[in-house]
Amino acid sequence: MGKYFCCTGFLKSTWDQVCIAFWQRYPNPYSNHVLTEDIIFREVTPSNCLISRRLLTKTSRAPRWMERYLPKHMASSAYIIEDSIIDPQKRTMTTLTWNISHARLMSVEERCQYQINPEKGSWTEIKREAWISSSLYGLSRAIQEFGLARFKNSVTKTMKGFEYVLARMQGQ
Amino acid sequence: MNSVGEACTELKREYDQCFNRWFAEHFLKGDRSGDPCTETFRKYQRCVQKAIKEKDIPIDGRPEQRHNVDRIFLLPFPSQQIRSSIDSILLWDQFSRLKCECKAVGMEMGN
């Protein structure tokens, strides 16, 4: 059950630049739906990897037909957690992102791997996967379709946001 | 960017500034010398963890395994397991060999 999505994209910047931009990606013109951003855990491991947990608040952009199924007391904002591991030796970054609110209504989990583009060392390849599921009886398929469509749209915004931040960094 | 705790935004900005400098100039270059941001991080965390508790945000969860793909998630923090051996958790190679039932494969991003 649920929808699976995967894609590979790239950014025309070095892996280092992308990692630096990763921590400076908010706010950007494509992230108006992101309200707050906080690092709530961070540590350098014995093998010199950086592990971090980031808490994000986003506006909950559910269509009106779905809002009917949201509990009245539930805030119009959604909480998302993003875990990341950055290995500066192997030059890889892995992230795992999932929503901790509205999860029974719809759950979106995304896993990304950022590494040096194998065909062009000055670019960064991003492998992205997502699992979208809903356990709401009778509506799960419609919710999953909506979730998948919204996810694809947000991937485009994410990449545009990255490109914006990278261009700004390189202009400095 | 604002913090989830309104009173913590300034502390967050101070920490972010310190971290971004350390990250680019030391961490990514393999420099293992000390982290200069411990104090600002501590102040910021004290504030934001309090705000999280007050708003009752369930931050200690982990994603459920919803499918029968054999892969390992990043474990919830803080955890002794994850501190001791991160590298074994990253099994992308194993995972990428699995058949990709993609709805949209090879979507090209960037121009």
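In the predicted model, A:Asp83 and A:Arg53 form a salt bridge in which the closest N and O atoms are 2.7 Å apart. A:Asp83 belongs to strand E4 (residues 77–87) of chain A and A:Arg53 to strand E3 (residues 50–59) of chain A, so the pair ties together parts that are 30 residues apart in sequence. Both A:Asp83 and A:Arg53 are buried. A further salt bridge, with an N to O distance of 2.9 Å, is found between the side chains of A:Arg54 and A:Glu82. Here A:Arg54 is in strand E3 of chain A and A:Glu82 in strand E4 of chain A, so parts that are 28 residues apart in sequence are tied together by the pair. A:Arg54 and A:Glu82 are likewise buried.

A:Arg54 and A:Glu82 also take part in a network of salt bridges, in which they are linked with A:Arg25, A:Glu37, B:Lys12 and B:Asp16. Over all chains, a search of the whole structure finds 13 salt bridges. One salt bridge in chain B joins B:Glu54 to B:Lys50, with the closest N and O atoms 3.6 Å apart. These two residues, B:Glu54 and B:Lys50, are separated by about one helical turn, because they are 4 residues apart in helix H2 (residues 38–54) of chain B. B:Glu54 and B:Lys50 are both exposed, whereas A:Asp83 and A:Arg53 are buried. Side chains of opposite charge can pair when their charged atoms come close.

Strand E4 of chain A also holds A:Ser77. With a relative accessibility of 16%, A:Ser77 counts as buried, since the cut-off is under 20%. Not counting residues up to four places away in sequence, A:Ser77 touches A:Leu35, A:Thr57, A:Lys58, A:Thr59, A:Ser60, A:Ser101 and A:His102.

A:Arg91 is placed in the loop between E4 and strand E5 (92–99) of chain A. In the loop between H1 and strand E2 (34–44) of chain A lies A:Pro27. The peptide bond that joins A:Tyr26 and A:Pro27 is cis, with omega at about -5°. Most residues other than glycine have a negative phi, and most peptide bonds are trans.

Helix packing in chain A includes the pair H1(A) and helix H3 (residues 140–171) of chain A, whose axes are 10 Å apart and meet at an angle of about 105°. H1(A) and H3(A) are therefore roughly perpendicular to each other, as the range for this class is 65 to 115 degrees. On the H1(A) side, the contact is made by A:Gln17, A:Val18, A:Ile20, A:Ala21 and A:Phe22, which meet A:Phe162, A:Val165, A:Leu166, A:Met169 and A:Gln170 in H3(A). The residues of this contact comprise 8 nonpolar, 2 polar and no charged.

A:Trp65 is located in helix H2 of chain A. At 32% relative accessibility, A:Trp65 counts as partly exposed. Apart from neighbours within four places in sequence, its contacts are A:Leu139, A:Ala142, A:Ile143 and A:Phe146. A:Trp65 and A:Ile143 are 78 residues apart along the chain, and their C-alpha atoms are separated by 10.0 Å.

The mean pLDDT of chain A is 90, with 95% of the residues of the chain at 70 or more. Within chain A, confidence is highest in helix H1 (residues 15–22), at a mean of 98, and lowest in helix H2 (residues 64–67), at 76. Where pLDDT is low, the predicted coordinates should not be read in detail.

Chain B has 4 helices and 0 strands, and its elements run α-α-α-α from the N terminus on. Of the 111 residues in chain B, 39% are buried. Among contacts in chain B with a separation of 6 or more, 38% are between residues 24 or more positions apart.

Notes. Residues are numbered from 1 along each chain as its sequence is written. Chains are lettered from A and ligands numbered from 1 in the order in which they are written. This is a predicted model: local features need pLDDT of at least 70, side-chain atom pairs count only at pLDDT 80 or more; totals for chains, interfaces and linings use all residues. Side-chain values use heavy atoms; hydrogens and water are left out. pLDDT is the predictor's confidence in each residue, from 0 to 100. A salt bridge is a side-chain nitrogen of Lys or Arg within 4 Å of a carboxyl oxygen of Asp or Glu. Buried means under 20% relative accessible area, exposed over 50%, partly exposed in between (1.4 Å probe, protein chains only). Contact means heavy atoms within 4.5 Å. Axes are lines fitted to C-alpha atoms, for helices over the stretch in contact, and angles run from 0 to 180 degrees between N-to-C directions. Angles under 35 degrees count as roughly parallel, over 145 as roughly antiparallel, 65 to 115 as roughly perpendicular and the rest as oblique. Ala, Val, Leu, Ile, Met, Phe, Trp, Tyr, Cys and Pro count as nonpolar, Asp, Glu, Lys and Arg as charged, and the others, Gly among them, as polar.
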